[in-house]
Amino acid sequence: MADCIRVPLLLLLMCILAAVHPIRGDSNVIARLTGNADNPQNPAGGAGPAAMNAGAADRNLGAGASLPRRRTAGWKLAEEAVCREDLTRLCPKHSWNNNLAVLECLQDKKEETEIAAECNHLLWNYKLNLTTDPKFESVAVEVCKTTISEVKECAAEELGKGYLVSCLVDHRSNISDYQCNQYITKMTSIVFSDYRLICGFMDKCRDDINVLRCGSISTGEKDVHSQGEVIACLEKGLVREVEEQPGAPAIKDDCKKAIMRVAELSSDDFHLDRYLYFACREDRERFCENTLAGEGRVYKCLFNHKFEEAMSERCREALTTRQKLIAQDYKVSYSLAKACKSDLRKYRCSVDTNMPRAREARLSYLLLCLESSVHRGRVVSGECQGEMMDYRRMLMEDFSLSPEIVLHCRSEIEGHCSGLHRKGRTLHCLMRVGRGDMGAIDPNCQRALQTLIQEADPGADYRIDRALNEACESVIQTACKHIRNGDPMILSCLMEHLYTEKMVEDCEHRLLELQYFIARDWKLDPILYKKCQGDAARLCHTHGWNETSEMMPPGAIFSCLYRHAYRSVEQGRRLSRDCKVEVQRILHQRALDVKLDPELQRRCLTDLGKWCSEKTEAGQELECLQDHLEDLVSDCRDVVGNLTELESEDIQIEALLMRACEPVIQAHCHEVADNQIDTGDLMECLVQNKHQKEMNEKCAVGVTHFQLIQIKDFRFSYKFKTACKEDVLKLCPNIKKKVDVVICLSTTVRNDTLQEAKEQRVSVKCRKQLRVEEVEMSEDIRLEPELYDSCKQDITRLCQNVAYGNAQVIECLKENKRQLTSRCHQRIFKLQEVEMVDPELDYQLMRVCKHMIRRFCTESEGKNVLQCLKQNKNSELMDPKCKQMITKRQITQNTDYRLNPVLRKACKADIPKFCQSILNKATADSELEGQVISCLKLKYADQRLSSDCEDQIRVILQESALDYRLDLQLQIHCTQEISRLCPEEAAAQEQTGQVEECLKVNLLKIKQDACKKEVLNMLKESKADIFVDPVLHTACALDIKHHCAAIPPGRGRQMSCLMEALQDKRIRLQPECKKRLQDRIDMWSYAAKVAPAEGFSDLAFQVMTSPSKNYILTMIGAGVALLFLMGLLCGRFTKRVTQELKDR
């Protein structure tokens, strides 16, 4: 069973027992022990090498240091002259009578203390005799009789070979008998003071000691206190080999086992690791003065203070070496092996037959196995979990404890992370390199980092990561104080406060460095794993916590989960509610940084460098990829498209956007924001409230960006996709861009409506959502790419300082329509044509007049909203801003009959009949500058229009009579004259026809013929209807009521009534009315002179509307009668043709 390496070590311990009080049969035992030790004749108890060393020791002892061949039982070390001076100087007097107390005192002194060489060798020979005498076994049998019977393995050992004591050391953690335990413990300190006293150790490691140059085996070449350095040297050589350091020689397997066994046997008491003991004596007094020795307590205390500034470098180095041995074999940690022994057995962490023993014993394997049990909900003892916590923290604090990190990350450490060894800083620096923040990283190093993060599992408790803990302490105390210390939700809380004012820069960096690796293995988020392990096994075919599969690597599991998270009931195989909540939480976190999405970063690495290298702010990289969606390689485009589609269903994934939009959400969208399932409602609400006072710039920019992304693919609008998917496949196949899909479906709806189809081809739910999309698109010119591209130059030139939102740029372009480039002008005209047919798409009109629409037009259909507003424009309750907007739209409509759908329909037959010459000159996408409407006005004056058309022209005449701006031809030709003759009237805030009156009054002063002609046309039109002359109508309102009430308006009837009243001396008109009528007569007379009739119809009209109509008609009648009488009386003036000539 036990090889010789373990046996003699313990035999020494038996001697030490004499130093402890009191063992059963104390005097006899001590006498036998000291007697044996004093008799060097029997060196056969040890192995050959030990005997050799003993002989060498005797030869080199020198004068005054010779041991008598036989001593009495009462011989004392204190009586030897070679040691008396050192004893007097170093050891308390009360210990002089006990040889073992003297031995312990002298061998445990600090290395700097000089002890005479002769005394050293005397002590060494004394210990050698103790360890090589087989009679010590009998003492062990006597002292540990009860324990031997309880430990079956030790009871079965053959006596006489030294194996019994070795077995007792192996099982010392199970020894309950106090005397036996003390005996075994004390003996160990003697054995471990010199590697040459360990039976078999020198045989197995002789060659390696020489190869590694750890010291000579020759006695006397080094003093006893240096012998701990030999084992320390071997341990360092073993570590170098494991780390595959350049030039590290290979150590033989037997020696490796011996080294690890020595480390294991010295794991409970730091006195037994002689090199570490001497290296850390002062540090132990400084940091662990009150820590009792035994059970590895001093080791743990020193480990906890390893990176303190006051810790000596030599002690730190010794501690690191021991930690590296623990990483190779967990049994080198007494406390861990003891605390987790039953759990390891319970969860079968030591029985993997497919794994080599060396791998199975590694700390990482133990941690992974037990962590897997914890994550699966199994019960692991609190003591064991506490030990695991300590060693997980140890791994995170010092990267050098992980051989794979040292081996594979050497160049990264040298290039980027040198000098940052302490407190986990180097590891976090490597994480930063792994994120790509400091250049490329070797794939093997990346894998080693990922493995270490899984072993340490800091996601389960942030305190394991000391660098993160220290950096984020202030944030945790303020932002996450409501969460229990050590709870896994602390990390989520920190992520929620990333990029907020509560976050500090150092914490932000450490957090993102850790989350980068946690994001690449779904198991490293304990809450996600707990809630989703059932779903993952059911849907994604996962294995155990610490098992991986090439078919479904850890990074692919989360992608699988979120694909199932947003499935509909009809699609089936959905996630459980709890799991979906956690998936949403992770998605929210990943949206903060593109590097937290492994699949996105892997597929888009090239595109990120190509398009987004300058986008360094939070969330900018994903926005950049979305902006360049059409330019991305196919793999990247797919993953960005899928993520964007997911965001459209649950915009709360965009954590930064949600944070920015918190005020407007609370004020206007809290009801939809509180829903567990979003389905696009929240984004729709944000779009609808984009211009509320609570909306800040960041939120508005974010919402607009998402709208701009949505136009790239109709799938990015979740509600639109859900409502119209079937319609798109049926009516608009192969169309992907949302704007094109909207145009396609809108055109279909419009055509079905115009053709009065029996059944609309677009479904009701799609038509409803289509209207929402159309209205949203009208809010920002960028949401209509073709219009935006056509007008980019014009926007830069004319609307540079105008904000895009609220359709302000579109309005700016409309107002500067005459200065637009041809291409843009055509697009704006088409846009206006659509808006006039469907005013609900006129965003500015609907926004400015929203309240007036509610007041006056609640019962009007959407297409009749503008008509309704026009009818109520002059109401006292009309909002001035809305009135101004209505006027703008009236001006627009009057520029071209095609922009007035009601007029176009009413005058469908009249326009080609009377104005064909104008139509012949027209182009499809440019205005006719009001020429057709002017043409119809003149025909209205001639009373030649159809009744429907006449009604619409009358309305236009009445409106333009009050506001000269509505008469485009007048405005075009009379701009200068108005500025010269009527500046005050034109500057009036409220237009009531004063400009027109001014032009009429100053008709004789007008210099421009074109303007004069337009004013004359106004006069002509006013003859046809008094309503066209608001000043006259206002002055004669009472007279019309009294004298012309029975006469219907139109066709000049009321005007004729007033003229007759003016000529009738029996009727007395109001002075103002009489004066205005007389002025009009003078104007008409002048108009008749300067603008003679252009044709018979015009002449007839002038006669019929002339004040001297009766006189003119009488004279015309008299003339015709005179001609008739002359014909009767005078006969023919022409020569009569004879019959003969006719018959020829």
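User: What makes Cys949 count as buried or exposed?

Analyst: Cys949 has a relative accessibility of 0%, and buried means under 20% relative accessible area, exposed over 50%, and partly exposed in between, with a 1.4 Å probe and protein chains only, so Cys949 counts as buried. Cys907 is likewise at 0% and therefore counts as buried. This is a predicted model, in which local features need pLDDT of at least 70 and side-chain atom pairs count only at pLDDT 80 or more, while totals for chains, interfaces and linings use all residues. Residues are numbered from 1 along each chain as its sequence is written, and side-chain values use heavy atoms, with hydrogens and water left out.

User: How do you know that Cys907 and Cys949 form a disulfide?

Analyst: A disulfide is a pair of cysteine sulfur atoms within 2.5 Å, and the sulfur atoms of Cys907 and Cys949 are 2.0 Å apart, so the pair is a disulfide. The link of Cys907 and Cys949 is right-handed, with 95° about the S-S bond. Cys907 lies in the loop between α53 (901–906) and α54 (910–914) and Cys949 in helix α57 (residues 947–962), so the pair ties together parts that are 42 residues apart in sequence. The helices named here are DSSP runs (H or I, at least four residues), numbered from the N terminus, as strands (E, at least two) would be.

User: How many disulfides does this rule give?

Analyst: The count comes to 29 disulfides. One of them joins Cys849 to Cys882, with an S to S distance of 2.1 Å, and this link is right-handed, with 110° about the S-S bond. The pair links distant parts of the chain, with Cys849 in the loop between α49 (843–848) and α50 (850–856) and Cys882 in helix α52 (residues 880–895), 33 residues apart. Cys849 counts as buried at 0% relative accessibility, and Cys882 is buried with a relative accessible area of 0%.

User: Why is the disulfide of Cys472 and Cys507 called right-handed?

Analyst: The torsion about the S-S bond of Cys472 and Cys507 is about 100°, so the disulfide is right-handed. This pair also links distant parts of the chain, 35 residues apart, with Cys472 in the loop between α28 (466–471) and α29 (473–479) and Cys507 in helix α31 (residues 505–518). Their sulfur atoms are 1.9 Å apart, and both Cys472 and Cys507 are buried.

User: Which residues does Leu494 touch?

Analyst: Not counting residues up to four places away in sequence, Leu494 touches Cys472, Val475, Ile476, Cys480, Met503, Cys507 and Leu511, where contact means heavy atoms within 4.5 Å. Leu494 is among the residues with the most contacts inside the largest nonpolar core, which has 107 residues. A nonpolar core is a set of buried Ala, Val, Leu, Ile, Met, Phe, Trp, Tyr and Cys residues joined through side-chain atoms within 4.5 Å. A second, separate core of 34 residues includes Leu981, Ile1006, Leu1016 and Met1059.

User: Why is Glu295 called partly exposed?

Analyst: Glu295 has a relative accessibility of 36% and therefore counts as partly exposed. Glu295 is placed in the loop between α16 (281–287) and α17 (297–304), and has a positive phi of about 55° although it is not a glycine. Most residues other than glycine have a negative phi.

User: How do you know that Leu1129 is exposed?

Analyst: Leu1129 has a relative accessible area of 74%, and so is exposed; its place is in helix α67 (residues 1109–1130).
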